[in-house]
Amino acid sequence: MKRVNIKNIRFRLAGALAILMLAAACKAQQAPAPRVVDLSAPDGTKLKATFFPAGKPGPSVLLLHQCNQQRKGWDGLATQLAAAGISVLTLDFRGYGESGGTAPKDLPQAEGVKVLNEKWPGDVDVAYSYLVSQSGVDAHIVGAGGASCGVNQAIHLAIRHPEVKSLVLLSGNADREGRGFLSASEKMPVLLSAADDDGGAVGN
């Protein structure tokens, strides 16, 4: 994996994922208003998401927040992407923002790890299924972005769903399976960003 050092940040920039950082420079178009979405996890936990429709057929991206934030932290970028023709869904992980349930960090360690590994993937799949079912969304051109604890979830979404064609991974780590997937997916456009002091981050 080629690394380019720019000050204290390492980037790997390839292909179509550049649109997520360059969207603000695109000519903005009037996109429909975003709408709050109610989703149900496989175990019945209520999840909140926001859908930002582009208002025309095209690609989409699912954005997964870091674990000291919530989905609304993506609002600015999501609005820009929708104006650039990319529909977006942002999700509150269970226990964060307006979603029900308890965050893994607020549970005993073993129980928190179990929720992270066994519950969150199903939650993310529910959000993904909603996104690709929306009118105008090309279900064959989907991206996923994750920050911090959302990084591994974004990678595993791509493992489960080959329709995910690109990834943005910001200051987060990945498990062995996730790192193996990235190493083997040389043709997948990936944007990696991490500070030098982000221990264990993908790309470090």
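The chain averages a pLDDT of 86, and 81% of the residues score at least 70; pLDDT is the predictor's confidence in each residue, from 0 to 100. Over residues 1–26 the pLDDT is below 50, though this stretch has 58 contacts in the model beyond near neighbours in sequence. Contact means heavy atoms within 4.5 Å. This is a predicted model: local features need pLDDT of at least 70, side-chain atom pairs count only at pLDDT 80 or more, and totals for chains, interfaces and linings use all residues. Residues are numbered from 1 along each chain as its sequence is written, and side-chain values use heavy atoms, with hydrogens and water left out.

**Disulfide**
- The structure holds 1 disulfide, meaning a pair of cysteine sulfur atoms within 2.5 Å.
- Cys 67 and Cys 149 form this link, with their sulfur atoms 1.9 Å apart.
- The link is right-handed, with 95° about the S-S bond.
- The pair joins distant parts of the chain, 82 residues apart: Cys 67 sits in the loop between β5 (58–64) and α2 (75–83), Cys 149 in the loop between β7 (137–147) and α4 (150–160).
- Helices (H or I, at least four residues) and strands (E, at least two) are DSSP runs, numbered from the N terminus.
- Cys 67 is partly exposed at 21% relative accessibility, whereas Cys 149 is buried at 19%.
- Buried means under 20% relative accessible area, exposed over 50%, and partly exposed in between (1.4 Å probe, protein chains only).

**Helix α4**
- Of the 11 residues of α4, 9 are buried, so the helix is largely enclosed by the rest of the structure.
- Among the buried residues are Gly 150, Asn 152, His 156 and Leu 157.
- Their cover includes β5, α3 (109–132), β7, β8 (164–170) and α5 (176–184).

**Aromatic cluster**
- The whole structure has 3 aromatic pairs; rings of Phe, Tyr and Trp (its six-membered ring) pair if their centres lie within 6.5 Å, with planes under 30 degrees apart counted as stacked, over 60 as edge-to-face and the rest as tilted.
- Phe 93 and Trp 120 are stacked, because their ring centres are 4.0 Å apart and their planes at 5°.
- Phe 93 lies in the loop between β6 and α3 and Trp 120 in helix α3, so the pair ties together parts 27 residues apart in sequence.
- Tyr 96 and Trp 120 pair edge-to-face, at 6.3 Å centre to centre and 75° between the planes.
- Phe 93, Tyr 96 and Trp 120 form one aromatic cluster.
- Phe 93 is buried at 1% relative accessibility, and Trp 120 at 0%.

**Thr 90**
- Thr 90 is in strand β6 (residues 87–91) and is buried, with a relative accessible area of 0%.
- Beyond four places in sequence, Thr 90 touches residues including Lys 48, Phe 52, Arg 71 and Trp 74.
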